[in-house]
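Dear colleague,

Please find below a structure that I am handing over to you.

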Amino acid sequence: MAASLEELEQRLSHLRTELRGAVRARDKAETARIRRALREAEAAWEHALETEAEPDTEASPAESPVPQTSATTGAPRRTERPTHGSIPIREQVHQALTLLGAPAAPKLISSTYEAFFTESLVATKLASLRRDEERSFTAQGYARPYYICAALTHDRLVPARGLLALSTWPVERRIIGPLSPRADFLTHAVGTAEQIQRLATAGHPTPDAAWRLLRRFALTIPGAYDAAAPEPDPARVIAAAHAEAAVHQQEDDQQRQAAAQRARTQLSDVQQLFGAAPMRDALRDASGTLS
């Protein structure tokens, strides 16, 4: 019998506790084993969550929606679902960031979620989300399977302004160095193109908003866009993005890894997720006021 959400959440919490111990003990084999188990448990948790949230699809023929067609491609288009606020905003952000694969700003997170999941995600509602997540983590530790956390600057290890990330990503993936904004942009492009490919493989039409999002990426990646084509070719976008990323990857990886190593040795668990306190906050904590 499949495990319940509660059982999976308990397993995730237990595995994260084990992972911290293995990392601190510098046991690489055990760390790798636990990380694999974590990924499997997280995938099972995502599947269980999606299954629990699935609506009743048994409708009479008279209730079936009439397929709409895309104005640009003539292909069938998914019918827009009404928004009832059924999905918590942190779960919406989690889904969008998982698709994008790298830290992103609220506006891109909102655009991505609305393009692929056809519900609205108001970017302005994300302003307090990271602070709420930090308070929850400070109080409960690794009680949740994931947290919406911060990207960290490579030099000061403070929260990178306006960028959100996932706690399940390694620190390296959340570091923002001099070359990281472009590298992450290319990662976003690949994630978007791959999601469109998955929709096609599953026989689902791609929403117009998703094509518009991919086009925005493709237009700024050399070799990714064919002006004569009605829509960007996802495979071409992926290849072009990988080709450009290879130019920056070695230096960017080195900068991220060096910063991540400092973060692991200098920061507490909560600081590794939400960043060290900026100097302004440190001064306030020390004096109670700012001069």
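Predicted model: local features only at pLDDT ≥ 70, side-chain atom pairs only at ≥ 80, totals over all residues.

Residues are numbered from 1 along each chain as its sequence is written, and side-chain values use heavy atoms, without hydrogens and water.

Three strands form an open sheet in the order 4-3-5, with mixed pairing. Strand 4 (159–166) and strand 5 (175–176) are at the edges, each with a single partner strand, so one side of each has no neighbour in the sheet. Strands are DSSP runs of E with at least two residues, helices runs of H or I with at least four, both numbered from the N terminus; pairing requires at least two DSSP bridges. Strand 3 (residues 148–153) is parallel to strand 5 over two bridges, and four bridges join strand 3 to strand 4 in the antiparallel sense. L152 stands opposite I175 in strand 5 and opposite P159 in strand 4.

The second largest pocket is lined by 40 residues, of which L19, V23, R35, P170 and R264 are the closest to its centre. A pocket here is an open set of points on a 1 Å grid over the protein atoms alone, where a 1.4 Å probe fits, with protein on both sides within 12 Å along at least five of seven lines; lining residues have an atom within 4 Å of a point. Helix 2 (28–53) gives the most to this lining, with ten residues.

Yours sincerely
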